[in-house]
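Open the model in your viewer and keep the selection tool at hand. Each stop below says what to select and what to look for.

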Amino acid sequence: MSEDTREQFWYNMRTGAVEKGFESPSIDRVGPFATREEAAHALEKLRANSAKWAADDAAEDR
């Protein structure tokens, strides 16, 4: 992934827009992502991660 924040992509949780660089306040952004396509699918990735973590937590509680 590029270290240059101007070349990274972010998903804006408030607007649903993909942004390149720091266009909006950090509280509204998730990322960074290497490509616009990855950022566009940020919600799917977040949901998948949350489901995995919940399953892991449930397995630990058994």
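The tour starts with the sheet, goes on to the core and ends at the helices. Keep in mind throughout that this is a predicted model.

**Stop 1**

Together the three strands form an open sheet in the order 2-1-3, with antiparallel pairing. Strand 2 and strand 3 are the edge strands, since each pairs on one side only. On average, neighbouring strands of this sheet are turned by 30° against each other, direction ignored.

**Stop 1: strand 1 and strand 2**

Now keep residues 9–12, which are strand 1, and residues 18–20, which are strand 2. How many bridges join strand 1 to strand 2? There are three, and the two strands run antiparallel.

**Stop 2**

**Stop 4**

Show the side chains of strand 1. Which residues lie on each side of strand 1? Phe 9 and Tyr 11 are on one side, Trp 10 and Asn 12 on the other. All four are buried, and both faces of the strand are covered.

**Stop 3: the core**

Select Phe 9, Tyr 11, Phe 33, Ala 39 and Ala 42. These five residues make up the largest nonpolar core. Centre the view on Ala 42. Apart from neighbours within four places in sequence, Ala 42 is in contact with Tyr 11, Val 30 and Phe 33.

**Stop 4: the helices**

Select residues 42–60, which are helix 2. Helix 2 lies across strand 1 and strand 3, and runs at about 100° to strand 3. Next, select helix 1, residues 36–40, and find Glu 37 in it. Is Glu 37 buried or exposed? Glu 37 counts as exposed because its relative accessible area is 52%, and the cut-off for exposed is over 50%.

Last, draw a distance line between the C-alpha atoms of Glu 37 and Asp 61. The two residues are 24 residues apart along the chain, and these atoms are separated by 36 Å.

Conventions
Residues are numbered from 1 along each chain as its sequence is written. This is a predicted model: local features need pLDDT of at least 70, side-chain atom pairs count only at pLDDT 80 or more; totals for chains, interfaces and linings use all residues. Side-chain values use heavy atoms; hydrogens and water are left out. A nonpolar core is a set of buried Ala, Val, Leu, Ile, Met, Phe, Trp, Tyr and Cys residues joined through side-chain atoms within 4.5 Å. Buried means under 20% relative accessible area, exposed over 50%, partly exposed in between (1.4 Å probe, protein chains only). Contact means heavy atoms within 4.5 Å. Two strands pair if DSSP finds at least two bridges between them. Axes are lines fitted to C-alpha atoms, for helices over the stretch in contact, and angles run from 0 to 180 degrees between N-to-C directions.
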